[in-house]
Amino acid sequence: MIFNSLEFLLFLPLVFATYWSLHSHLRLQNLLVVVASYVFYGWWDWRFLILIAFTSGWSYVVGLLELHRWDHRPSRLLLTISLFVNIGILGYFKYCNFFLEQAVSLLNAFGMSPHVSSLQVILPVGISFYTFQALSYTIDVYRRQIRPTRDPIAFFAFISFFPQLVAGPIERATNLLPQFLTRRSFSYPDAVLGCRQMLWGFFKKMVVADNCAVVANFYLNNPNTHNGLAILIGVFMFTFQIYGDFSGYSDIAIGCSRLFGVRLMRNFAFPYFARDIAEFWRRWHISLTTWFRDYLYIPLGGSRCSTGMRIRNTFAIFLVSGFWHGANWTFIGWGALHALLFLPLLISNRNRRNLNDVAAGRILPSLSEFWQMLQTFMIAMAGWMLFRAASIHEAGRWLRDLADWSGYALLQGFPHEGRVGFAMIQLLLVCEWINRREAFGFARYPRTTILRHILYFAIVVLIVFYAPGSQTFIYFQF
Amino acid sequence: MKRFILKVTAFSSFIVLVFGGVCLLEIKSEVKAYRREIIAPAGSVVLVCNDSQTAMGLDPEVCKGLFNFSANGRTLDQTMLMLPDILQANPNVLKTVVIDISPATTVVDYGKSLSEIGFQAKYWLIHYLHYRKNVRSMRGGLKVVRDNMVGRRLRHFSRAMRGKIPFKSSLIGGYNPHDDSFLIENKKAFECSVVDKLKACTGLENLTADNQCFEILDSIISIARTSGLRVVLLTTPWHVQLRDRCGEKTLERFTAVMKDYAASRQCDYIDFLRFDPQDDRDWRDANHLTKTGAQKLATALYLELQRLDAL
């Protein structure tokens, strides 16, 4: 089931009403969350449920085994087996064909021609997200940061909680699991804030991202219009498509969770207002970057080691992060590019210089801040070009076309969605700039009731009239 | 919580009322336009009233006497609902009805999305208010809505409301040619149209004589014959790539079922499923023709209708 569907419009009020009617029965409430989440997830394909149930069950059992030896040293063997199983499942479904293809290519390079057919494996939606969530539980239990739970229903609810199940935020057991172990009470301000955040998320996804997607696909999927301007516009639109899509989904997920009295972590903090690449990575997909920081970067030594090790650790985290996104050399290339851009800041200890709010105490940024934001935006855009390309070869061809100034002719047949997209991008940037110190782009609102509701109505009108039609959430493929 | 539920309900109701009001105004103007449009131009003898494959694929200038009242996204049951009105408006003009029975018309399943819900309701209202003579009960109306959950049609409709495409090409009907060819300009889009079509035509391999489409076709044939019209069943072309992906066996089976049906109902059957205009520029996407393709198909149809003495 996707958020922008008729089914979800009917599903959410039904679950909401039932959920709060059970507010005095915690276990029943959690059971409802599990059932609703499994219905939500199984709507794509019921077979996906087997895998998530196995991952949840396996991680729960590992936690129980660790609980039995709680007063002793944590079992490294148990952790290793748990990691092996979870990452193995992820590796099989997501990366098997990639490794097979690379192996065949390598053997071909040595003159051998093995007959290996690719596996017919469906990639379950959101597998990377819930697998990492389960891993965080296992690792936190090992580190004794959280006591394993005996309550299977609460645990299954933690893994499968439907708002964040398929595209994050990737929640930590230390944040989300305790919320399922304690009674939740309805909060009117939270629910209103949640609705507002959902509305904003729908605007970002259905109006901004989907209109940008039409234009990005128009130019980037069409090999015959490969002039530099077309590529530039396509990549620019994709930059906002991926942001609107992913951050929109996160806003809907976080807003929806508030309706159920559950607080999820923030996932985006206006990354296109970042002043350098380090700040960009503190603002983009925060749940994933902090996951890699806490479970990969720091265990490898983090920044508290020699320069050589710091470089190694930085490359490791960015390459793995790129590879997490998909089994393609373009994602690895994207990670490597960001690693190369991040390293100079890290080595010169300038990676933590922009910790304050941009344009703090002012309405507009200073010229230097604006220049920094523009530079960082261009760098991010360059990275997205690699991210969007189907192959390194295609990315190279786009770069070549970009550098070809002779191809900058007037564009013909510019889609209508492009005009809408440009207008909505400006609206998005203005709203997010005004709310840059808030949790999301529509957190601030007029205090006058009538004005506030006019604004809500205006957003609904924009969604109804300017959403071009259902485009898939990009991050579902991860 | 009561306060929250009340506020959300009140706001949602307000949205529904406002959009409903706008819809009702639109319905009024649409019904007016519809009454103007269903009158066949002088010299018409053949009526085609199907979906985008005929709306885009048959040039009435080339096929003399053709009244092309097809519209993008129209389904067979909508044709069934509209036919009595069109025939009543043109009692002595038309002689033959050509019904498209290609896979994308008979065995089709489109998706729904949240942004289309308002237009779904509006579309149902149009049917109910204007065609209520033919929709005998609320259950019948709901069945029309349920069977008509066609996202693409409503997107066309919403685009027409925003002035992006001619209003005529959305709900009402008429020849709606296109010049662009995905096959030439955008191979990825063409590939998507192949995949889309295959996904939408669910159940093609399992098509049998008791499929619901035949029930609707029976009604259409009965309505046409009551008005003294001859019925010709037509299968519009599919591009060779789409045919190959679908599988020749499946399509042969489909053609056999359609042939049997036509024979059992004493209707003529023209099979253009494998019609090939010989030029990539004639194909817009996997099952729609461009302007030049529409001219070629209309010429071929004209010759076949002449052969059948249906003109």
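Predicted model: local features only at pLDDT ≥ 70, side-chain atom pairs only at ≥ 80, totals over all residues.
In the same way, B:Val48 is set opposite B:Val98 of β3(B). Strands, like helices, are DSSP runs numbered from the N terminus, with at least two residues (E) for a strand and at least four (H or I) for a helix. Two strands count as paired if DSSP finds at least two bridges between them. β3(B) is also joined by 5 bridges to strand β4 (residues 230-235) of chain B, again in parallel. Here B:Asp100 has B:Leu234 of β4(B) opposite.

How many of the 5 residues of strand β3 (residues 96-100) of chain B are buried? The count is 5 of the 5, so the strand is largely enclosed by the rest of the structure. Buried stands for under 20% relative accessible area, exposed for over 50%, and partly exposed for values in between, using a 1.4 Å probe and protein chains only. B:Thr96, B:Val98 and B:Asp100 point one way from β3(B), while B:Val97 and B:Ile99 point the other way.

## The open sheet of chain B

The strands described above belong to an open sheet of 5 strands in chain B, with the order β2-β1-β3-β4-β5 and parallel pairing. At its edges are β2 (66-68) and β5 (268-271) of chain B, each of which pairs on one side only. On average, neighbouring strands of this sheet are turned by 25° against each other, direction ignored. Strands of a sheet pair through backbone hydrogen bonds, either parallel or antiparallel.

Helix α12 (residues 248-264) of chain B lies across β4 and β5 of chain B and runs at about 160° to β5(B). Helix α13 (residues 291-307) of chain B packs on the sheet as well, touching β1, β3, β4 and β5 of chain B, and its direction makes about 150° with that of β5(B). Such angles run from 0 to 180 degrees between N-to-C directions, with axes fitted as lines to C-alpha atoms, for helices over the stretch in contact.

## A helix pair in chain A

In chain A, helix α3 (residues 48-68) and helix α5 (residues 127-142) pack at an angle of about 5°, and their axes are 9 Å apart. The two helices, α3(A) and α5(A), are therefore roughly parallel. That label applies to angles under 35 degrees; over 145 is roughly antiparallel, 65 to 115 roughly perpendicular, and the rest oblique.

Residues of α3(A) in the contact include A:Leu51, A:Ile52, A:Val62 and A:Glu66. From α5(A), the residues taking part include A:Ile127, A:Tyr130, A:Tyr137 and A:Val141. Contact here means heavy atoms within 4.5 Å.

## Salt bridges

The structure holds 27 salt bridges over all chains. The criterion is a side-chain nitrogen of Lys or Arg within 4 Å of a carboxyl oxygen of Asp or Glu. One of them joins A:Lys205 and A:Asp245, at 3.2 Å from N to O. A:Lys205 lies in helix α8 (residues 188-220) of chain A and A:Asp245 in helix α9 (residues 228-259) of chain A, so the pair ties together parts that are 40 residues apart in sequence. Both A:Lys205 and A:Asp245 are buried.

In chain B, B:Arg274 and B:Asp271 form a salt bridge at 3.7 Å, N to O. B:Arg274 is partly exposed at 32% relative accessibility, and B:Asp271 is partly exposed at 30%. B:Arg281 is paired with B:Asp279, their closest N and O atoms being 3.0 Å apart. B:Arg281 is exposed, at 54%, whereas B:Asp279 is partly exposed, at 23%. In chain A, a network of salt bridges links A:Arg275, A:Glu279, A:Arg283, A:Arg362 and A:Glu369.

## Cysteines

A disulfide is counted where two cysteine sulfur atoms are within 2.5 Å, and the total over all chains is 0. A:Cys256 is in no disulfide, with the nearest cysteine sulfur, that of A:Cys195, 9.2 Å away. A:Cys256 is buried, at 0% relative accessibility.

## Basis of the values

Residues are numbered from 1 along each chain as its sequence is written, and chains are lettered from A and ligands numbered from 1 in the order in which they are written. Local features need pLDDT of at least 70 and side-chain atom pairs count only at pLDDT 80 or more, while totals for chains, interfaces and linings use all residues; side-chain values use heavy atoms, leaving out hydrogens and water.
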